[in-house]
Amino acid sequence: MTPADLSPCVVRAVRRAVADGELGVGTVVPERVVVERTRPGGVGEYATPAALAVARSAGRPPRDVAGVLAARLGAEPGIERVEVTGPGFLNFVLPAPAAPALVAQAIVLDIAIRDMRGGAAFLRDDLDGPDDPDDPEDADTAAGLRRRVVRRCVQRLVRAQGGSEQDVPADLPVAPLARRDADAVRRYGADAACWAMLAVPARETPAFSDVLLHQGEASEFFRVRYAYSRSRALVRNAGQLGFHPEAGEVDDAPALLRLLADHPLVLEAAAHHRAPERLVRHLVELADALLDFHHRVLPQGDEKPSAAHRARLALAEAAGTVLAGGLALLGTDAPERL
């Protein structure tokens with residue numbers, strides 16, 4: 001079981017508890033629940049407040065509902081442990097993620113995003129005209145541009161979760177650009193400007209600096225795109241050496257595996273909370289983990305390509321695929337060569 005499987009698993013547990021009479025017939029079964037990684041110092045690895053929401057229609061204390069669900073979920077294959085904390089949070093511990101499952105997950109996510117993109121307009125519509133041409137504020141460069149970028153990114157995140165643009169409120173609170181940054185697109189380019197506008201919570205004013213233009217470690221924007229380009233270079237170089245990616249177990253990339261496992265949850269949380277900055281932070285962490293790992297992918301010296309190399313290459317390619325998809329959701333490009 002991957003972390004992405006936890007949400008439907010919790011929904012099934014609620015449905016079965018209602019069917020078996022453990023929860024009242026009036027209990028509303030949610031279509032989906034939000035599961036997120038626990039914060040540092042928290043219990044377990046992942047958590048959901050689903051029982052608190054279900055308790056309202058069940059007419060029972062949240063901790064009672066959480067106890068019913070925990071007993072069921074604890075018996076699910078692939079869940080090591082379930083604990084109830086606080087007023088009724090469900091906390092989970094899962095086995096270490098398996099690389100083949102994460103490679104397959106990356107492919108599924110990539111297909112979904114490609115199907116949703118609809119061509120280059122998916123990347124560039126953020127900077128094309130106001131959402132409401134009759135709204136003077138939206139037409140103003142400093143006030144309207146940031147709101148347009150954030151709103152359209154949130155719309156893409158929501159659509160990626162199966163929602164529609166109508167699910168994003170028209171009055172999404174967004175702090176405008178500072179007047180001095182009204183020409184940010186001209187100064188830094190569309191991709192870097194969009195990244196900076198989305199890197200902080202919507203209510204905060206974004207900061208721009210020449211670091212956005214640096215082709216080095218100091219720029220998070222560069223590191224994310226560079227990590228993607230390195231993943232593509234690894235595939236090309238492996239082809240020249242006569243081998244190709246093949247999913248298999250990888251035991252020397254725990255950070256990369258964990259971050260890939262968390263990616264669907266990050267997308268869901270970013271859409272649910274209308275918070276693109278969560279995706280930005282995740283992409284930076286994922287890129288750094290990939291850059292720490294990529295030196296171990298290809299054979300060294302006289303070493304011959306092995307199953308381990310093919311598995312590492314498949315994992316690196318999957319990480320690159322996830323980075324490219326994340327950048328597309330943010331509305332920025334992912335060049336194969338930098």
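Which residue in β4 is the bridge partner of Ala 47? Select Ala 47, then Asn 91: Asn 91 is that partner in β4. You are looking at a predicted model, in which local features need pLDDT of at least 70, side-chain atom pairs count only at pLDDT 80 or more, and totals for chains, interfaces and linings use all residues. Residues are numbered from 1 along each chain as its sequence is written, and side-chain values use heavy atoms, with hydrogens and water left out.

**Stop 1: the sheet**

Two strands pair here if DSSP finds at least two bridges between them. Helices (H or I, at least four residues) and strands (E, at least two) are DSSP runs, numbered from the N terminus. Now show the whole open sheet: four strands in the order β1-β2-β4-β3, with antiparallel pairing. At its edges are β1 (36–37) and β3 (81–85), each pairing on one side only.

**Stop 2: the largest pocket**

Next, select Val 35, Glu 36, Arg 37, Ala 269 and Arg 278, the closest to the centre of the largest pocket among its 35 lining residues. This pocket has a volume of about 980 Å³. On a 1 Å grid over the protein atoms alone, a pocket is an open set of points where a 1.4 Å probe fits, with protein on both sides within 12 Å along at least five of seven lines; lining residues have an atom within 4 Å of a point. Grid points are joined across faces, edges and corners, and the volume is the space filled by probe spheres set on them.

Colour β1, β2, α2 (50–58), β4, α11 (254–272) and α12 (276–293), the elements that give two or more residues to this lining. The largest share, seven residues, comes from α11. By type, the lining of the largest pocket divides into 17 nonpolar, nine polar and nine charged residues. Ala, Val, Leu, Ile, Met, Phe, Trp, Tyr, Cys and Pro count as nonpolar, Asp, Glu, Lys and Arg as charged, and the others, Gly among them, as polar.

**Stop 3: the second largest pocket**

Of its 18 lining residues, Arg 32, Leu 109, Ala 160, Gln 161 and Pro 264 lie nearest the centre. Helix α4 gives the most, with six residues.

**Stop 4: aromatic pairs**

The structure holds three aromatic pairs. Rings of Phe, Tyr and Trp (its six-membered ring) pair if their centres lie within 6.5 Å; planes under 30 degrees apart count as stacked, over 60 as edge-to-face and the rest as tilted. Select Trp 195 and Phe 221: the ring centres are 5.5 Å apart and the planes at 50 degrees, so this pair is tilted. It links distant parts of the chain, with Trp 195 in helix α9 (residues 190–198) and Phe 221 in helix α10 (residues 220–241), 26 residues apart. Trp 195 is buried at 3% relative accessible area, and Phe 221 is buried at 4%. Buried means under 20% relative accessible area, exposed over 50%, and partly exposed in between (1.4 Å probe, protein chains only).

Then select Phe 222 and Tyr 226, a stacked pair at 5.4 Å centre to centre and 15 degrees between the planes. Both lie in helix α10, four residues apart, about one turn of the helix. Phe 222 is buried at 12%, whereas Tyr 226 is partly exposed at 31%.
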